[in-house]
Every structure is written in C-alpha cells, then in structure tokens.
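Below is a set of questions and answers on a predicted model. Each answer works towards the name or value that was asked for.

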Amino acid sequence: MADKRINKAELPKLLERLAQEHEVFAPARDGSAMVWSRVEPGDVLELEFTNTDLSPKGFLFPQTERLMHFKNDPEDPEGMIMEAEPGLPGKRLLLNIRPCDAKAFKVLDKVFERDEEATDVYWKDKRDKTVLFGLACKDPCPTCFCTTVNCGPHFEEGLDALLVDLGDRLLVRPLSETGERLTADLEEAGQEDTEAATAQKEEAEAAITRGVSMENIEARNVLEEYEHPCFDRIFEPCINCGTCTYYCPTCHCFDIQDETQGELGKRYRTWDTCMSWLFTHHTSGHNPRGTKKDRVRQRFMHKFKYMPIKLEGSIGCVGCGRCTSKCPVNIDVRSVVNSMNEQIGE
Amino acid sequence: MKNPYLPYPVRIRKVEIATEDRSLRTFELEFLNREDAEAFDYLPGQFAELSVPGYGEAPIGIASSPTEGEHLTFTVSKAGLVTSKLHSMKEGDIMGVRGPLGKPYPLKDMEGKNIVILAGGYAVTTLRSTMVWLLHPDNRDSYGEITFVYGARTPGMLLYKDTLEEWDQRSDVNTYITIDNHVEGWDKYVGFVPQIAEEVAPSPENAVALICGPPIMIKFTQPVLDKCGWTGDQIIMSLENRMKCGIGICGRCNVGPYYVCKDGPVFTKAQLDELPKEY
C-alpha cells in the first residue's frame, strides 16, 4: 500500500470523510487533562500531546458495561430469564490513537478472543466495529519504554492507518484494506515525505533511553521467577490502590455484578483490580493471595511471565508508561521488571 | 456466535436437604429449552456457574453424570450471597446455568487403568459424577479395579446415601465409607480418609488416583500415597478458586499462568508441584 499525504489545512476534509461512516473520537484537551472525545466535522484536531491520560481500552471494554437484563418478577412466565444486550449500532473510528494503545488492543484480542467456543462477544462486537487511525509519537515522554517491549513510537501493528506529523503536512500510511479505502482520495506521498517519516521514527526511537530487559525472566521456570527475592521489597511502598490497573491499556480483569431496580434486573461487568484482597477472597474466608506481596507479585508475574506462556510470547505491557506516571508512590514498572530480571543470588 | 456469559434458563425440578446440619442442599435442574439441554455437553469433573438473577453466579461442580439423562444435579453449601439465596429457592423456580466449564477428569487417558477415588466431605460431588459414569455399563469394562474411599464427619453428613449403598452392594467396586468417630448403629468404616487409605494401601501399579477434599485431608493423604509409591502424574486433583467469568478472562482464579476455570479445575499433582500454591 502506497503512502499518502495530507496538508494540515485539509484535515477537516479528511475528518468529514471519516465521519460519513463512523462515530469519530480523538484525543482532546480538557483543562490540563487529555481525554478521548467525540469529534464532529469542523472540530480542530489536537496533534500536540504525548498521550491521553486514560487509555482508550474503555471503547472496547467499558469501565462499566451492561451485559444482560431480565424481568425481575418470578411470577411472570417471562421473568428471571437473562437476555443479552444488543451490540453497537454503528461503526466507530479512533483517530490519533497512539501506536502503543493500538498494540494493547492486539494483546487483548488474544485474551478476549482466545477461544472460538467462548469468545467474549462484547469485546468482539466493538472490536470488529472500531477502526484505528494512529498518530505516530514524535516526542516520547520520559516514562515511555515501548521500544523494549515489542512496540515503538511508530509501531504499525493493529492500526488501519498511521499518521505521521511532518509539520505543515501529515504522512498517511494505510495499513489495512479499510485504511486504504478511507484514504483513497488523498494524494500520493512523495519520497521526501516517506523519508521524513522514517527520520522522525529513528529520532523518536532514539529518544527512548530507559527500558526493560526480560531475558532471565523468560529463561526461568514459573516457580523460580515467583520466588525471586526482589518481590520481598517491590511490594513495600505499594498501597494496593489499583491505579496502575485502571490506567493500564492491557489490564483486563473484571467483576460481574447483578443489580435490580423494581422490575428491571441487570447484570453488569466492571473493571476490577488484582490489587484488591477481595479479588481472590473465597467465601470460606480463605484467600490464596492474602498478602500485599502476593498481590503485587501477581500483577507483575501476570504481565511478564504468565501472559507470555499463555499468549504465544505476548507480554501484558506496551511501554506506555501510564502506571509509572500515575503511581502515587512512584513505583516504576521499568525498575520492577529489571529487578525481576536480575540474577538470583547476587 | 454463542454468548458465553448468557446462562441457559432452567427450572428447579427438585430440592433436597442433603446433610443433617442443613448446610447443603441438592438441586435437580431441568432445561427450559430442549436445544439448551443438547448444547450442554459435559463430562465428570466439569462445573457450571449457577446463575440466580439479581444475586449473581456461583461456580459449582456438576454432581450428576451425563449417563443419567438431561437433568443436572448440584449439591450446594450455603455460604455466600448467591448460595444463600439458592437455599431459599423452591421447586419450580426459574434460574440459570452457564457451562459446562473447565476440563473434565481425563477419562480417556484413564482407560485400562485401576482407579482409586479418595473423597472427603462435600468435595465428593464431581467424584459422584465420575463414579456414576465409570460404573455405567457402557464404560465399566474400559477400566480396571475401582476403589472408592469416602469420608464425612458423621453418617448424617454423608451425601448421596442411597447411591453409596448401591455401590457398597456391587461386586465390581471396592467401597469404603467412613465417618470420623464411631456412632451407635454404624457398621461401616471409622476413621479419617488418610487412615482408611493407609489400611487400603492402594497399589500405584497401572493406576490413577482422583483426590478431592478439604486441604487438611489432602495434606495427610499425600504421605500415604507417597509411601505406597505413587508419583505426581498419577494423582489427579481438582482445585477451586474464586471465579467470575468461568472462561479464563476475568483474571482472578489463576494459579501461575493457568486459570482454574479454564485450564483446570482438574490438575495432576505433578503439574501443581511446578506452580505457586495460590489456591
């Protein structure tokens, strides 16, 4: 697929084209926060930002989502029988999504769509109806480390198209049939555009200087890594607030709860967090992860040891750095992973 | 595409108080729709989420065997929100069942082998299913000797008494039913499951053991089997952990990289020896 380009002055036209078939969402400034916001033709797109505060995972896996409902009346012959909620009525497009967040969707596909017999239909419905137009990072933030976790500032996997900000114009690289179709009207990029994009990619990659190493974590068996002495201190500052799990674009744990209001009964799922002791608490009172150490270890073992075993090598991290920048006690995921990777006994 | 979160509607066909302390009830459920009954294709060792609209779901081992027909049997301990509500429900009430979930006992791999079953307390449920399945005329000849040891605190805490009596009468299964302390009129075994297992001293030769019971029973049964020469890959156990989705996504029931709901609940002792003890 050939690279395209668009002058920034013509962006409204592109937005108009995309909005013909999709509800379009894009990062927008809200005070000091960067949030995902609905954009309409005529709106000005924000291109100067590092990333949104919250990842876009809520588009496919909402913080609270109604799964089904029922008539809460045992006497009614139709009562007490669950009915699934309908899917999305139309298509969506996430414009200017960062490559790391798109990669996170690819990781979560392996979780939610792992088993054909038990595919998470709520994830799949929204996933299949969501188009992703990425915006490459030209200026990674100090907590970014995507280049050492199988991702990168210009990473293309999972995107339908990648935009690269080249000053007065954008390079538009279609990466799927959908991306190609939606950008068909744009003019072909020149060689200088493609070269400028490549130069920006190299510069952005070089700007990321702190990363993680995982070769020892990978080589050890589960119990060896689980018993790594680093876990005796990593948990100490943690207050089990769960902030990291909510900000993380690949954290996918959830709870299911029922609610009734008169005759209307509903079953919801909500984001949950492995940092909570209730998460694994048995009704008997027994708790297999009863201590803070157990829970902190679970989060990092899950992402960097368990997920690769289950998901053909995919780790549960894309290097977006949100957990590090949002942690109230300054736990840096890079330090944690590098500690987990240290030689044991030294 | 099938929605794995949507329970099949079922009707409670029968409820029975299962133990003298009234903490357990046995429910027989029938599907409202024929096609759901057909879709619910299960084997012993699997479980289901019992879904009580308005209260939630609880993962419970299936106590019936598919050889018994289309109804499902569950014996439920009154413990939390969902199971307490279940205990107040009556015959004819509508609820839901989601499953079958998890992997069954490896019945195929067990063919041609002697089977030793050790059960304690109400963990006997999926082993009842297994016994009924093994003793069915279609299956019995595929297996060697069958030994069944089952213990409860008192005679009144034994589940499925009629069925136990039936097995005790059969010549093709060695049944050892035991209670903790002797009581008037009791003519079967007395002692904890590990003690009885020591007396029986099951041979590990060409054999598989299925063990299900409270942690304390498993802790003291293990040395007995070790002494008899059993190895970890011959010992099959069933775990439980807190669950929600039942399909390996919601993230809470894992033991190391494996989800009890999806990759288990059945694991060999050898597998568990290589995993954190987070169960």
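**Helix packing, domains and sheet**

The crossing of helix 6 of chain B and helix 7 of chain B is right-handed.

Q: Which residues of helix 7 of chain B make the contact with helix 6 of chain B?
A: The contact draws on both helices, and on the side of helix 6 of chain B it is made by Val193(B), Pro194(B), Ala197(B) and Glu198(B). Taken together, the residues of this contact divide into 6 nonpolar, 1 polar and 1 charged. On the side of helix 7 of chain B, the residues are Met217(B), Phe220(B), Thr221(B) and Val224(B).

Q: Are helix 6 of chain B and helix 7 of chain B roughly parallel or roughly antiparallel to each other?
A: Two packed helices are described by the angle between their axes and the distance between the axes. Here helix 6 (residues 193-200) and helix 7 (residues 215-228) of chain B have axes 8 Å apart and pack at an angle of about 20 degrees. Angles under 35 degrees count as roughly parallel, and therefore the relation of helix 6 of chain B to helix 7 of chain B is roughly parallel.

Q: How many residues of domain 2 of chain B are in contact with domain 1 of chain B?
A: Chain B is divided into domain 1, spanning 8-101, and domain 2, spanning 114-238, and the C-alpha centres of these two domains of chain B lie 24 Å apart. Domain 1 of chain B brings 16 residues to the contact, and by class its side has 5 nonpolar, 8 polar and 3 charged residues. From domain 2 of chain B, the number of residues in contact is 14.

Q: Which elements give two or more residues to the side of domain 1 of chain A that touches domain 2 of chain A?
A: In chain A the division is into domain 1 (4-207) and domain 2 (215-341), with 25 Å separating their centres, taken over C-alpha atoms. The contact between them involves 33 residues of domain 1 of chain A and 27 residues of domain 2 of chain A. The elements of domain 1 that meet the condition are strand 4 and helix 2 (99-112) of chain A.

Q: What are the edge strands of the open sheet of 4 strands in chain A?
A: The strand order of this sheet in chain A is 5-4-12-11, with antiparallel pairing. Within that order, strand 4 (residues 64-71) and strand 12 (residues 264-271) of chain A are joined by 7 bridges, and Lys71(A) has Leu264(A) as its bridge partner in strand 12 of chain A. The strands that pair on one side only, and that form the edges, are strand 5 (83-84) and strand 11 (254-261) of chain A.

Q: Which strand of chain B gives the largest share of the side that touches chain A?
A: The contact takes 35 residues from chain B and 41 residues from chain A. Strand 4 (56-61) and strand 6 (94-101) of chain B each supply at least two residues of the chain B side. The largest share, 3 residues, comes from strand 6 of chain B.

Q: Where is Pro100(B) found?
A: Pro100(B) is joined to Gly99(B) by a cis peptide bond, for which omega is about -5 degrees. Its place in the chain is strand 6 of chain B.

Technical notes:
Residues numbered from 1 in each chain as written. Chains lettered and ligands numbered in written order. Predicted model: local features only at pLDDT ≥ 70, side-chain atom pairs only at ≥ 80, totals over all residues. Contact = placed C-beta atoms within 7 Å. Domains from an automatic or database assignment. Nonpolar A, V, L, I, M, F, W, Y, C, P; charged D, E, K, R; others polar. Axes fitted to C-alpha atoms, helices over the stretch in contact; angles between N-to-C directions. Parallel < 35°, antiparallel > 145°, perpendicular 65-115°, else oblique. Left-handed = near helix turned anticlockwise from the far one by under 90°. Pairing = 2+ DSSP bridges.
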